[in-house]
Amino acid sequence: MTTRTPRPKPALDGVAAAGRALAILSAFRKGDRHLSLAVLSDRTGLVKSTIMRLAISLEAQGFLARTPEGAYRLDAELLRLGSIYRDAFGLEAHVLPVLEALVARTGETAGFYVRHGERRLCLFRVDSPHLLRMHVRPGETLPMDDSATAQVLRAFGRRPLPAKARAMALPAWTSGATDPDTASLAMPVFGPGPDLAGALMLSGPISRMDARRAEAAKPLLREAATGLTRALGGEAPAALSDAAA
């Protein structure tokens with residue numbers, strides 16, 4: 001009788017190593033100029049020897065760099081990939097002129113957000129000329145909270161469109177959801193096709209964007225989102241016109 005040798009299971013070491021390497025990059029947070037080995041270990045749960053070994057590969061590929069003091073900082077390859085991501089589908093060429101026009105017409109900050117896991121990512125932003133405004137930079141993430149932008153991304157990013165999205169009054173308006181002194185309006189933008197491209201938003205301090213002024217800005221934001229959807233080759237759901245009315 002011939003004994004058949006069991007076929008070995010595929011090794012998952014490479015997958016695990018990739019996950020650990022990504023965990024190191026994800027350990028960096030807003031405001032971090034560089035991180036020590038000890039902080040990286042605390043934030044990732046990885047032992048220092050593992051971080052040092054993976055960091056060699058990340059440095060070689062341009063994702064990490066060492067400071068003279070021996071700490072780690074993010075390097076230029078991430079900026080290159082971020083630029084590619086931002087330029088995907090020619091979004092920047094379409095979105096930025098829309099944001100600039102909204103700021104010119106309303107005097108408030110305009111931005112374009114996409115969902116990034118359990119957070120929302122600011123892809124593009126044009127700031128209000130007023131000094132009093134919420135400071136968020138392109139590339140930064142905010143929580144998927146109860147803000148108008150997060151609500152739009154949650155509701156319209158699913159297929160089939162949930163009942164909540166069909167019933168949502170658009171543009172959505174919230175006050176004090178992310179920051180107690182800030183209000184915002186948001187509209188979904190679609191394209192290419194029926195897929196959600198992102199959320200177009202206006203934000204400003206509550207002292208300027210109260211309910212009355214938000215109501216006056218709604219037609220401008222709705223018009224901008226409709227035009228941007230058309231420019232991206234998008235198709236807004238049929239229910240959207242009813243919800244926006």
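**The largest pocket and a helix pair**

A: Happy to! Helix H4 is the biggest contributor to the lining of the largest pocket, giving seven residues. Keep in mind that this is a predicted model. H4 spans residues 76-87, and it is among the elements that each supply at least two lining residues, along with helix H1 (13-26), strand S4 (119-126) and strand S5 (141-143).

How much space lies in this pocket? The largest pocket holds about 1,300 Å³. Its lining is made up of 29 residues, and those closest to the centre are Leu74, Leu121, Gly139, Glu140 and Thr141. Sorted by class, the lining has 14 nonpolar residues, eight charged ones and seven polar ones.

Now for the helix pair. Helix H5 (residues 91-106) and helix H8 (residues 211-231) have axes that come within 11 Å of each other and cross at roughly 165°. Because angles over 145 degrees count as roughly antiparallel, H5 is roughly antiparallel to H8. The crossing of H5 past H8 is right-handed.

Which residues meet where H5 and H8 touch? On the H5 side they are His94, Val95, Val98, Leu102, Arg105 and Thr106, and on the H8 side Leu220, Leu221, Glu223, Ala224, Leu228 and Ala231. By class, this contact of H5 with H8 has eight nonpolar residues, together with two polar and two charged ones.

Definitions and conventions:
Residues are numbered from 1 along each chain as its sequence is written. This is a predicted model: local features need pLDDT of at least 70, side-chain atom pairs count only at pLDDT 80 or more; totals for chains, interfaces and linings use all residues. Side-chain values use heavy atoms; hydrogens and water are left out. Axes are lines fitted to C-alpha atoms, for helices over the stretch in contact, and angles run from 0 to 180 degrees between N-to-C directions. Helices (H or I, at least four residues) and strands (E, at least two) are DSSP runs, numbered from the N terminus. Angles under 35 degrees count as roughly parallel, over 145 as roughly antiparallel, 65 to 115 as roughly perpendicular and the rest as oblique. A crossing is left-handed if the near helix is turned anticlockwise from the far one by less than a right angle, and right-handed if clockwise. Contact means heavy atoms within 4.5 Å. Ala, Val, Leu, Ile, Met, Phe, Trp, Tyr, Cys and Pro count as nonpolar, Asp, Glu, Lys and Arg as charged, and the others, Gly among them, as polar. On a 1 Å grid over the protein atoms alone, a cavity is a set of points where a 1.4 Å probe fits but cannot get out, and a pocket is an open set with protein on both sides within 12 Å along at least five of seven lines; lining residues have an atom within 4 Å of a point. Grid points are joined across faces, edges and corners, and a volume is the space filled by probe spheres set on the points.
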